[in-house]
Amino acid sequence: PYSRMLAELASGRCALSGTSLWSADLDAPGLRASSVLIPEGRFGAGLYTSPDNARALAARTRADLGPLRAVSNRNWKPDWRVLGALGLAELRHVQNWDSMVRTLLAGRADLVLAPFQPGEEMVLQHAEGTLVPIPEVKVFLYGARAFGLARAGPGQEELARALERGLSALRAEGRIERAYRECGFYTPRVRAWRTLNPKRE
């Protein structure tokens with residue numbers, strides 16, 4: 001879980017996160033952030049639902065979302081804040097991603113936030129089943145993302161310097177931007193889709 005990753009880094013039991021974390025969460029004792037991987041205003045996300053949920057799939061405006069129910073984890077602060085501002089009928093706390101998918105597929109909720117997926121249809125494949133984005137709408141999550149590092153520990157300064165050298169080289173070659181584009185995270189397919197919240201607060 002996300003909160004466990006932060007705790008492991010802060011305690012020094014782990015040296016470096018294997019995925020990007022919210023930079024705001026890394027401004028805490030025992031933690032530090034790498035240079036930014038995903039800048040503010042670039043984290044677009046889809047409202048994913050069951051392919052059988054006709055009511056959710058028909059939503060195109062914030063008013064249409066009013067009767068719908070969402071699932072998220074209240075510890076995922078950017079997700080929770082955006083969903084909480086959309087005027088949904090219900091925002092339910094669910095502990096983990098697998099349970100969120102099961103809740104949607106069982107019809108006990110209507111939508112969840114997720115990054116756009118690669119492929120023409122941007123379908124999200126999960127062991128429990130398939131989710132699809134509600135067409136023509138998207139949101140932006142507030143904040144930048146970076147790798148998280150433990151502030152103290154053997155070799156941490158050397159690790160931080162090596163990481164920044166690598167990130168600087170990848171950034172100069174355009175490889176970070178290209179990787180996010182090729183995996184579907186930055187996708188031109190949703191460029192014209194309606195944004196349901198401001199890109200920045």
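User: Happy to start with contacts. Which residues does Ser72 touch, not counting residues up to four places away in sequence?

Analyst: Contact here means heavy atoms within 4.5 Å. With that rule, Ser72 touches Asp79, Trp80, Leu83, Leu91, Arg92, His93, Val94 and Met100. Bear in mind that this is a predicted model, where local features need pLDDT of at least 70, side-chain atom pairs count only at pLDDT 80 or more, and totals for chains, interfaces and linings use all residues. Residues are numbered from 1 along each chain as its sequence is written, and side-chain values use heavy atoms, leaving out hydrogens and water.

User: Is Ser72 buried or exposed?

Analyst: Buried means under 20% relative accessible area, exposed over 50%, and partly exposed in between (1.4 Å probe, protein chains only). Ser72 counts as buried because its relative accessible area is 2%.

User: And why does Glu120 count as exposed?

Analyst: Because its relative accessibility is 60%. The side chains of Glu120 and Arg189 are joined by a polar contact of 3.3 Å; such a contact is a pair of N or O atoms within 3.5 Å, and within protein one must be able to donate a hydrogen and the other to accept it, while residues adjacent in sequence count only if both atoms are side-chain atoms.

User: Which members of the largest nonpolar core touch the most other members?

Analyst: A nonpolar core is a set of buried Ala, Val, Leu, Ile, Met, Phe, Trp, Tyr and Cys residues joined through side-chain atoms within 4.5 Å. The largest has 38 residues, and Leu47, Leu65, Leu88, Leu111 and Val139 touch the most other members. Apart from it lies another core of 15 residues, including Tyr48 and Met100.
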